[in-house]
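Open the model in your viewer and keep the sequence panel at hand. The tour goes from the ligand to confidence and then to a pocket.

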Amino acid sequence: MLQSPICEILGIQYPVFQGGMAWIADADLAAAVSNAGGLGIISAMNADGEWVRGQIRKAKELTDKPFGVNIMLQSPYADQVAKVVVEEGVRVLTTGAGNPGKYMAAWREAGIQVIPVIASVAYARMMERAGAVAVVAEGCESGGHIGESTTMALVPQVCDAVKIPVIAAGGIADGRGMAAALMLGACGVQMGTRFLVANECNVHENYKKRVLKAKDIDTIVTGRRQGDAVRSLKNHFSRTFAKEEMDLNVSVEELNRLGTGSLRHAAVDGDEQNGCFLAGQIAGLVKKEEPAADIVHSVCEEAEALLKGAAKWVK
Ligand code: TUI
């Protein structure tokens, strides 16, 4: 059996987190992953406090296991959601796309275990000082909002810099990735793209099809000019955006307008032309839709077998 300190800290069976994917990770997916023994995570994305409250209550009906909520710090409703998670007795929080510092004291007082998603050593250190119980070190292979470093370079450097457990994310979708992450010093993994195609994931069918069809070089990074690098699948939307941002006559405001609503178009409407289909570079490895429990269990079994067999490299 795989053993990891993060399992004891959170009361979960397997050191596998499901990424808090905006417009995608709802109570159904989170509960399925938690019921399988991993950590399911509801994405609060740009939704208001009452929507998040409803999802938390739904997840509580669907599972008696721990689950988390991901707060996207650029959300206009971040302050509202920060209060709702306390009121609803959420036990685990992950944060993304910014600095959760101003909320940390209140969350810790409420006994919430906070696990910020970070993309640099400096942020990992800052979060440890602020009382995080662990960090998710997310490399730029990830889908969505990304930093500069790859998982391979980021994870060992973060592991050396902090004492709290490090969860690796970005470019991980099977047992090989998980075993490699543990070898880099991580205590567990977070996967988004692989869980996106889980049976229990309510994202639009077209989105799942696009991920299942994707090849190794089918993602693109846009948004660097606005300081918000975002990885998504290549399509009409992302290619147009990439072209427009190269044109310095196009203002940042115009670019922001172009991007507005694009995540929803992809995840809810399945609009293959105008949607922004966030996905990681590992999408090319994701080949079948299956129950979330099968994903959790097969990834862990594969990692375990690889780690047991790793002695073959040593004479
Ligand atoms: O947050 C993510 N992934 C996301 S958020 C998202 S929704 C969105 N869409 C467009 C623009 C912005 C957000 C889609 N995917 N991953 C976690 C993550 N956090 N990756 C990188 C970071 C991060 C970046 C900067 C963490 C802290 C940070 O601090 C910068 C600062 O100075 O505050």
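## Stop 1: the ligand shell

Select the ligand and the residues around it in this predicted model. The shell has 13 residues, and A97, V117, Y123, E138 and H145 are the closest. Colour the shell by class: six residues are nonpolar, six are polar and one is charged.

## Stop 2

Now show the N and O atoms.

- Pick Y123. A polar atom of the Y123 side chain sits 2.8 Å from an oxygen atom of the ligand.
- Move to E138. An N or O atom in the E138 side chain is 3.0 Å from a nitrogen atom of the ligand.
- Go on to H145. Here the backbone takes part: an N or O atom of the H145 backbone lies 2.9 Å from a ligand nitrogen atom.

How much of the ligand's accessible area does the protein cover? On its own the ligand has 710 Å², and the protein covers 73% of that.

## Stop 3: confidence

Colour the protein by pLDDT. The mean is 97, and 100% of the residues reach 70 or more. Select helix α12, residues 252–259: confidence is lowest here, at a mean of 90. Then select strand β8, residues 166–169, where confidence is highest, at 99.

## Stop 4: the second largest pocket

To see its lining, select E141, T151, M152, G170, G171, I172, G177, A180, A181, M183 and L184.

Which helix gives the most to this lining? Select α8: it supplies four residues, the most of any contributor. Helices α7 (151–161) and α8 (175–183) each supply at least two. Finish by colouring the lining by class: six nonpolar residues, four polar and one charged.

Technical notes:
Residues are numbered from 1 along each chain as its sequence is written. This is a predicted model: local features need pLDDT of at least 70, side-chain atom pairs count only at pLDDT 80 or more; totals for chains, interfaces and linings use all residues. Side-chain values use heavy atoms; hydrogens and water are left out. A residue is near a molecule or strand if one of its heavy atoms lies within 4 Å of it. A polar contact is a pair of N or O atoms within 3.5 Å; within protein, one must be able to donate a hydrogen and the other to accept it, and residues adjacent in sequence count only if both atoms are side-chain atoms. Accessible areas come from the Shrake-Rupley method with a 1.4 Å probe; for residues, only the protein chains shown count as cover. Ala, Val, Leu, Ile, Met, Phe, Trp, Tyr, Cys and Pro count as nonpolar, Asp, Glu, Lys and Arg as charged, and the others, Gly among them, as polar. pLDDT is the predictor's confidence in each residue, from 0 to 100. On a 1 Å grid over the protein atoms alone, a cavity is a set of points where a 1.4 Å probe fits but cannot get out, and a pocket is an open set with protein on both sides within 12 Å along at least five of seven lines; lining residues have an atom within 4 Å of a point.
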